[in-house]
Amino acid sequence: MESRRDIDKLVEMLTIDEKVALLAGDSMWTVPGVPRLGIRPLKVSDGPAGVRGSRIVPAAAFPAPVLLGATWDPELVKRVGHALAEEAETKGVHVVLAPTINIQRTSLGGRNFECFSEDPWLTARLAVAYVRGLQERGIGACIKHYVANDQEFERMTISVEVSERTLREVYLFPFAVAIAEADPWCVMAAYNRLGGTYCSEHPWLLTTVLREELGYPGVVMSDWFATHSTAQALRAGLDLEMPGPPQWRGEKLRDALQRGEVSEEVDRSARRILLLYERAGRLDPGPNVVEERAIDRPEHRALIREVAASGMVLLRNDGILPLDLTTYRRIAVIGPHATRPAVGGGGSAFVRSHRVISPVEALREVAPQCEFLIAEGAAIYKLIPQLEHSDVGVEGITLVLYPNPEFAGEAVATLPVPSTDFIWLGEVLPGVDATNFAARVRVLYRPTESGLYVLGASAVGQVRLFIDGELVLDNWTAPQPGRTYFGFGSAEQRAEVALEAGRTYELVAEYRKAQPGMPLAGFRFGVVHALTDAERIARAVRAAQEAELALVFAGLSPEWESEGFDRDSFDLPGSQNSLIEAVAAANPNTVVVLTAGSPVNLPWLDRVRALLLAWYAGEEVGHSVVDALTGVVEPAGRLPFTYPRRLEDTPAFLHYPGEFGRIAYCEGVFVGYRWYDARGIEPLFPFGYGSGYTEFLYRDLVLDRSILEPGETLRISCTVQNVGSRDGSEVVQLYIGFPGGSVRRPPKELRRFQRVQLAVGESRSVTFTIDSRDLAYFDEAAKLWVAPAGSYEVLVGSNARDIHLRQRFEHIQEQQWKAGERFLL
Ligand code: BGC
């Protein structure tokens, strides 16, 4: 209360200009302070799989959120939150733009990897854990994207048409729970529209639901460049326009104030922003900016490794796993991810990481006696892959920066960099403005095979490549518009060169950017050996034939699964399906490790001995995968979504991606497994599935009452025993089945879950408590949550299609709650 009064006083002390300035960013990642009063600026950063900073220096790459979803382990997710708070400190960041708590509505969603689950309840529990983890350590969370931002197709404009009941039960639900239980410092308003109105200027979303019903005290910021008006957005409840400099505030807001189009809303939002500053310690004295540091912490690596292995899902295993690598002499390691694994999906969630451990490296560590036959097998790049540290030897990659586009005068910095792929937003370095500068990169490249190589380069601006002083690629003289860099970059130029094995070539790239007003800068270039698909497969088959075991690292990558676009196919890209078929035919011991954040077609599933879904596992990916394959750590993940047999079976199939600027959520509340249950469709793998290395027995389901009266809770317990031959963990899942009635409900919905770790033979009693609120649906005519009277069923199982125990209870009397009250604790 005291602090609230202080904030009110502070608002009174601000001039109009100071208030107006607080209501918008002043750069890509900062909101200004009030220098006159010693109020310091605030810095935000993506999120959610690491804290990127401005990407000048590397950061720890954590597993993608879908992998966190697969852990079904809020405690573990909270520990990730703690670590992310430490990462934020090293980047001088006060608010992390995370977690993403949208719903995996369609299997093709470009940002599925960035979301936890298809299920609102699982999403909500992990959201609470993630937010608490960050905020317990003094760093703010920003839950996003509010709301129904569940696809990338027409993402900046599409209008989501969804019933209020569906919105409240599914898409708003994680936001409401996170706000009620974890009080995130910020909420990010989504790009899309809802019922025709942009989320960033939607009075019902931003004021009725958020403030009046949920009592949210924090800051609502726009997604990047998602503000569309001055007075309308502010009046609707958008506190902060991001990023800066403002397009809709600043001068325009001062004019709107003068015209009387807004008035007290400015104080209201300034108050919320100052409250955020107080929470972030920005009202106290201290340095304005903290230099970004790249600290590769062993304890964060250990956590990344632990989390990754425990979120990986074993989808198939005929008994070949866990592998005892000491028994093999020769192993074929095949696939595009074997030596160049993808640590995360693409877009704003992509983290330029510290050193990445590849599967091949990790295999060499644990099985030094083994010979590894390595073959890429398939090319899945869209752009010619950038060079990494591991491609260029000890000299590394050096970036030299000039503060002008002419390479004139002294360079301002010479930096070692991890790859030849660069992106900057705003400032490149202090003194180097991203709108106006030049850069030169030098690498020494030694091909291991003679032959034809393809070079590629693209840029926001101009880029050209020289080999041994000779210009070989010109994307400088006449760059054409392309799709790189969110559509601001040039089309990739390619050039072919013949290179000889063993020779050292000096490869130099020059980059120039002279575009006032364009804060995005970047360029990338790479080299690849020009081989046909058939040649790649033939090499892989040869390796598989000569080995006792073939490990295939296949999947998607940030080029295929990313913010900005949805996937356009359910199939693996490139010739990976043919590759896996060919390898499986050549070697009877073929195991596939899949990198993906969404389901992909698996036509070869029956022909491989095991399939491990490794997601995007972060920078320790190699270690985690090998831990899981060898059983050092059990791959203990459970699917956070339903894995369909065909795209045609999926709930949104007929209506996705929408037409005429609209996407209708016609499946209503029947998202994910609710759809498959209601339609009697057999999934390939059910929601909640994951086999692990042991087996469990469920028994003794006990409900402490058979009749649930108003105000009472129901205690549900059962016993789970590890009846397999290895220690392991199970995720006990509790679903509720509803009585029939006039309102159509899914056959069952997830309401509780618990991960239990059990030694061989050990049993444990697991207890859950539910109450009437867990029985409620939203009645959109009465605008109330209603838990009808009737006979309900408790279903306890290992996944949505493997229910071991069930028992009925009577809910004796209908209960109702007003919209926001449903979430009161
Ligand atoms: C994304 C947000 C992100 C923001 C800042 C937007 O394109 O939708 O999730 O936080 O950019 O990078």
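## A pocket between two domains

In this predicted model, domain 1 (4-279) and domain 3 (381-530) both give residues to the lining of the second largest pocket, so the pocket lies between them. Its volume comes to about 730 Å³.

Who lines it? There are 27 lining residues, and those nearest the centre of the pocket are Lys43, Ser54, Val289, Glu292 and Glu427. Two elements, β2 (42-45) and β16 (427-429), each give two or more residues to this lining. Sorted by class, the lining of the second largest pocket holds 13 nonpolar, 8 polar and 6 charged residues.

## A buried strand

Now let's turn to strand β25. All 7 of the 7 residues in β25 (residues 549-555) are buried, so this strand is largely enclosed by the rest of the structure.

In a regular strand, side chains alternate between the two faces of the sheet. In β25, Leu549, Leu551, Phe553 and Gly555 point one way, while Ala550, Val552 and Ala554 point the other way, and all of them are buried.

## The neighbours of β25

What joins β25 to other strands? Strand β11 (residues 330-334) runs parallel to β25 and is joined to it by 4 bridges; here Ile334 stands opposite Val552 of β25.

To get from β25 to β26, the chain passes through helix α17 (residues 576-586), making a right-handed β-α-β crossover.

Key: Residues numbered from 1 in each chain as written. Predicted model: local features only at pLDDT ≥ 70, side-chain atom pairs only at ≥ 80, totals over all residues. Heavy atoms only, no water. Buried < 20%, exposed > 50% of the residue type's maximum accessible area, 1.4 Å probe, protein only. Pairing = 2+ DSSP bridges. Right-handed = clockwise from strand over helix to strand, strands pointing away. 1 Å grid on protein atoms, 1.4 Å probe; cavity = no way out; pocket = protein on both sides within 12 Å on 5 of 7 lines; lining within 4 Å. Points joined across faces, edges and corners; volume = space filled by probe spheres on them. Nonpolar A, V, L, I, M, F, W, Y, C, P; charged D, E, K, R; others polar. Domains from an automatic or database assignment.
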